[in-house]
Amino acid sequence: MSFFEEVAPEMDRYLENHASAEPEILRKLRRETFQKTTQPHMISGYQQGRLLTIISKMLQPKNVLEIGTFTGYAALCLAEGLSGDGKLTTLDVNEDLAYLPKKYFVGSEYSGQIHFKLQDAKEFLKETDEVFDLVFIDADKENYAEYFRLIKPKTRSGSVVMFDNVLWYGKILEDHPKQKATQIIKELNDLVAKDADFENLILPLRDGVNLLRRK
């Protein structure tokens, strides 16, 4: 859910109407997500999807990691910028919903480049020796700070990392939040801002995207 969707829906429509059109496969996936899932708001959505695509196309990454697949919308957006020999690994633990992203990955032009794994992200990061050019994290907020710590050694100079939902519906402004997710997101934002190895900016797009670049 975006800020404008709630307080100024006409502005939200304006922003969408003045962004590049999403590919047909994404339009179909977005519609099916709203038809068949109980929390369709978890999808990255039109505007954020175009941001992911533009960043990916600018980087033309060879190795992309996504933590939190959901229905596969963001993964397909990120895949649009993959280099010819590039690959995208996307991780999730929801076995019941896995059929939906698999369906769209197979039906996409990037089917040979997308590797969908049902695996805990912390386990994957501890096991892999891969280095990633681009990372997008939109998963369980209670592990955001730990993801950052585990991701850092898997990046190089020029790598880009993005964390979604870092404004958390404005809850990050609470001085003493009781919700664990809010506490961890505040911790993440503080860790990133203080880390001299990264430069970053929080984009107030939808629920906030923390955009990091490894120096």
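## Reading a predicted model, feature by feature

Mentor: Met11 is one of the residues of helix H2, which covers residues 9-17. Please keep in mind from the start that this model is predicted.

Trainee: Which residues make a nonpolar surface patch together with Met11?

Mentor: The patch is made by Met11, Tyr14 and Leu15, and its area is about 270 Å². Met11 has a relative accessible area of 36%, so this residue is partly exposed.

Trainee: Why would residues three or four places apart in a helix point the same way?

Mentor: The general idea is that an α-helix has 3.6 residues a turn, so residues at such a spacing point the same way. In this structure, Glu16 and Arg13 are three residues apart in helix H2, which is about one turn of the helix, and their side chains meet in a salt bridge with an N to O distance of 3.6 Å.

Trainee: Are Glu16 and Arg13 buried or exposed, or something in between?

Mentor: Residues under 20% relative accessible area are called buried, so Glu16, at 17%, counts as buried. Arg13, at 38%, counts as partly exposed. Salt bridges that share partners also join Asp12 to Arg13 and Glu16 in one network.

Trainee: How many salt bridges are counted in the model?

Mentor: The count comes to 17 salt bridges. Another of them is formed by the side chains of Lys103 and Glu32, at 3.0 Å from N to O. Lys103 lies in helix H6 (residues 99-106) and Glu32 in helix H3, so this pair ties together parts that are 71 residues apart in sequence. Lys103 is partly exposed at 46% relative accessibility, whereas Glu32 is buried at 6%.

Trainee: Where is Thr71 found, and what does its side chain make a polar contact with?

Mentor: Thr71 sits in the loop between strand S1 (63-67) and helix H5 (73-79), and its relative accessibility is 0%, so Thr71 counts as buried. The side chain of Thr71 makes a polar contact of 2.9 Å with the side chain of Thr33. If residues up to four places away in sequence are not counted, Thr71 touches several others, including Leu29, Ile43, Leu97 and Pro101.

Trainee: What is Pro23 in contact with, once its neighbours within four places in sequence are left aside?

Mentor: Pro23 is then in contact with Arg50 and Glu80. Pro23 and Glu80 are 57 residues apart in sequence, while their C-alpha atoms are 10.0 Å apart in space. Pro23 itself is placed in the loop between H2 and helix H3 (24-36), and Pro23 counts as partly exposed at 28% relative accessibility.

Trainee: What describes a pair of aromatic rings?

Mentor: In general, such a pair is described by the distance of the centres and the angle of the planes. In this model the count comes to six aromatic pairs. Among them, Trp168 and Tyr169 form a tilted pair, with 5.8 Å from centre to centre and 50° between the planes. Trp168 is buried at 14% relative accessibility, whereas Tyr169 is partly exposed at 41%.

Trainee: Which residues do ring pairs link into a cluster?

Mentor: Ring pairs link Tyr144, Phe148, Phe163 and Phe198 into a cluster. Two of these names return in helix H8, where Tyr144 and Phe148 are among the buried residues, which also include Ala145, Tyr147, Leu150 and Ile151. Six of the eight residues of H8 (residues 144-151) are buried, so this helix is largely enclosed by the rest of the structure.

Methods: Residues numbered from 1 in each chain as written. Predicted model: local features only at pLDDT ≥ 70, side-chain atom pairs only at ≥ 80, totals over all residues. Heavy atoms only, no water. Patch = residues over 30% accessible without salt bridge, like charges linked within 9 Å, V, L, I, M, F, W, Y side chains within 5 Å. Areas by Shrake-Rupley, 256 points an atom, 1.4 Å probe, with all protein chains shown as cover. Salt bridge = Lys/Arg side-chain N within 4 Å of Asp/Glu carboxyl O. Helix = DSSP H or I, 4+ residues; strand = E, 2+ residues; numbered from the N terminus. Buried < 20%, exposed > 50% of the residue type's maximum accessible area, 1.4 Å probe, protein only. Polar contact = N/O pair within 3.5 Å; in protein donor to acceptor, adjacent residues only side chain to side chain. Contact = heavy atoms within 4.5 Å. Phe/Tyr/Trp six-rings, centres within 6.5 Å; stacked < 30°, edge-to-face > 60°.
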